[in-house]
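Thanks, everyone. Let me put the model up, and then we'll walk through it.

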There are 2 protein chains.
Amino acid sequence: MRDRIIQKAKLAQSSSRVLANVSSDQKNFALVRMAEKLVDRKDYILEANRVDLENAYRKDYKTAFIDRLTLNEKRIYEMADSLKAVAELPDPVGEIVTMWKRPNGLQIGQMRVPIGVIGIIYESRPNVTVDATGLCLKSGNAVILRGGSEALNSNIVLVDTLREALREAQLPEDAVQIIDMPEREAVDIMMKLNDYIDLLIPRGGAGLIKNVIENSTIPVVETGVGNCHTYVDKDADLEKAKNICFNAKVQRPGVCNAMETLLVHKDISHQFLPEMIEMFKNAGVEIRGCEKTLAICPEVKPATEEDWYTEYLDLILAVKVVESVDEAIEHIYKYGTKHSEAIVTENYTVARKFLNEVDAACVYVNASTRFTDGFQFGFGGEIGISTQKLHARGPMGLKELTTIKYIILGDGQVRK
Amino acid sequence: MRDRIIQKAKLAQSSSRVLANVSSDQKNFALVRMAEKLVDRKDYILEANRVDLENAYRKDYKTAFIDRLTLNEKRIYEMADSLKAVAELPDPVGEIVTMWKRPNGLQIGQMRVPIGVIGIIYESRPNVTVDATGLCLKSGNAVILRGGSEALNSNIVLVDTLREALREAQLPEDAVQIIDMPEREAVDIMMKLNDYIDLLIPRGGAGLIKNVIENSTIPVVETGVGNCHTYVDKDADLEKAKNICFNAKVQRPGVCNAMETLLVHKDISHQFLPEMIEMFKNAGVEIRGCEKTLAICPEVKPATEEDWYTEYLDLILAVKVVESVDEAIEHIYKYGTKHSEAIVTENYTVARKFLNEVDAACVYVNASTRFTDGFQFGFGGEIGISTQKLHARGPMGLKELTTIKYIILGDGQVRK
């Protein structure tokens, strides 16, 4: 198995050298061909997906799992559309990010270049196979895909289709590799291939991400866990606050940028919480409150210490009344995951303090945390949301799949 | 030992939260006080250094090692000057790198912020203790220093001095921590403290760097190994070529941006090599050549396969005659370390090809590779030269010791 994986990684690496220097036109042609081929081949893809689904049903997976695994005609068209959208995005490769001139006449510039070979380790979501391939191709990178074993049949047919499109575009099909071995050992091997893989991006649950961070010797960009807070300040516009909090919790509770804990300043808690909690209850949200919350809304379930740490990804919300913006910032520092944090306030100084002092990928004033997303930010695509500080932070688009090299133009300069 | 190291890391972490939000004035005041105190205390520092030097002499270390370990009055003034120079640099923290407006009115910006706690693992060079502390402080980071055990006495006195200056500036002295345990185990413990340290930067020889990359669970920025090439094209201006090559090899051979292999196009090899090699020989450079080089200059020592891989860091140079720019690029790809690579040519298309296709931190046209340096690039300081692709590539100045956070300013926006 090790040899086969290394073989795939080597092929990806040599393809990446070609991809780094092909024209945008050629990459865009390949992306559009990929989209067309997915639609052409939809029957084969759905057939393979049916096999995966039957296996999953037999193993009694949860509804959410089955839903993520499921492909249908609509989803295939969506995947195709997302490839076409990536083709429309500007090519990041070759951009001169900045260039300056030194007193000795040297011109020094940063040129955006692909990273090389990117490994993606993800769960049983066939759409990630297509989305990740599209973004890696556009940014000039080869990709090695390791999806969840329950989606293996779907992924094999998808990758086959994508590689055929690369061939037709006269690009190296080996730029897209799939680790088609269901064994866990395959991931262990992949995580140590520093000589061939430049970056690993784990996408999925906390367990998957933790495993990669602890065991990979390849640089990792950590994505995802979001224990997000919204703090409603004493100087908040309470109408805005209600809309923002409701949106952050209810609009799509199962995702990493949804609110998990609501922090409310004590001075407005009596005025704000009863109506807010009523809104949440009507939307089916279970509330778990601190003692002060319970004093205001006695019907609420008490929160435990564990609740403050929990990313529910569900219609559950922890609520805490705080003494001050400082207590809110301390709570976020202690329990947060540095993903997305929001304040609702009309007070300039408090807003500025929150923006400066909260340490998170995305810090909001008077808006829903649900905007932490590559599309919402205007990147036109997203490979994940980085919750680490190195290399990329927050939503990662095409630029975050590149690095720079310095180009230095001289006319004979030597160092004195 | 573990508990003591964790204790230090915790203190660094809590100090880093303070440092992240202090004014530039306060940081600059501390930097200037550090500089003044180093000079005030120079007798104590030199005394501690004398103890380290005596131990090192007894252990029979090489001259280069002793030289790097040695402090004297001039070097103390240089360290002080470098701190003052860092005080003069613009503060990177708080800069809004970019900000844009979305159709829904949200303003999204990238704000430059400190990384947090930076660990530096380095050899027995006391000047790194001061330089790294200065750059970390200016960029708002706490620092945990782990220098070579042979410099421990010097480092303890230096850190003591630096911390005293922090106290006088009313900044948390715990922002500068020294791992004052000579045992190797201390490094092993430090490399696993993901909860407290955000970034590790190893500075030193290949063995030290390899150890950190393979064993650290904390993100690492790899610095340093430079097997740098200069390719003299058939369309080179041979006078420029001679100056550039001579400078790249001879001006300071012991550093990572010095040339280690000279590649020469076959068409000009007969014209160029005899005179070039004569110049090198007069400067005491030992030449190791390929067969074609030997055919032109028979007195040259033959190169082995190992020579192409070697970073000599000495007055030794490998020389190879190549058929084409493509062969030069292939040679660099195979043997290079992606540090600094140069072409000498007057040919526009060849220069453009070399710039695009060579994968290295710094790619030069018609200039000496010796310019790969934070000061030469105009950064005013340097914490190291990254040879990896993630987060930072090439010379790392203050900006490379920061990350960004997204700030999102709204007036009640919710996601639809």
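Start at strand β7 of chain A, residues 228–232. It pairs with strand β8 of chain A, residues 259–265, in the parallel sense over 5 bridges. Pairing here takes at least two DSSP bridges between two strands. Helices (H or I, at least four residues) and strands (E, at least two) are DSSP runs, numbered from the N terminus. Across this pair, A:Thr230 stands opposite A:Leu262 in β8(A).

A word on provenance. This is a predicted model: local features need pLDDT of at least 70, side-chain atom pairs count only at pLDDT 80 or more, and totals for chains, interfaces and linings use all residues. Residues are numbered from 1 along each chain as its sequence is written, and chains are lettered from A and ligands numbered from 1 in the order in which they are written. pLDDT is the predictor's confidence in each residue, from 0 to 100. Chain A has a mean of 96, and 100% of its residues reach 70 or more. The model scores ipTM 0.93 and pTM 0.92.

Back to the sheet. It is open, has 10 strands and mixed pairing, and its order is β10(A)-β9(A)-β11(A)-β8(A)-β7(A)-β12(A)-β13(A)-β16(B)-β2(B)-β1(B). At the edges stand β10 (301–302) of chain A and β1 (96–101) of chain B; each has a single partner strand, so one side of each is left without a neighbour in the sheet.

Helix α11 of chain A, residues 266–282, lies across β7, β8, β9 (286–289) and β11 (316–322) of chain A. It runs at about 145 degrees to β8(A). Axes are lines fitted to C-alpha atoms, for helices over the stretch in contact, and angles run from 0 to 180 degrees between N-to-C directions.

Contact means C-beta atoms, placed from the backbone, within 7 Å.

What does β16(A) join in chain B? Strand β13 of chain B, residues 362–367, through 5 bridges, and the two run parallel. There, A:Ile408 stands opposite B:Tyr364 in β13(B).

Definitions and conventions:
Two residues are in contact if their C-beta atoms, placed from the backbone, lie within 7 Å.
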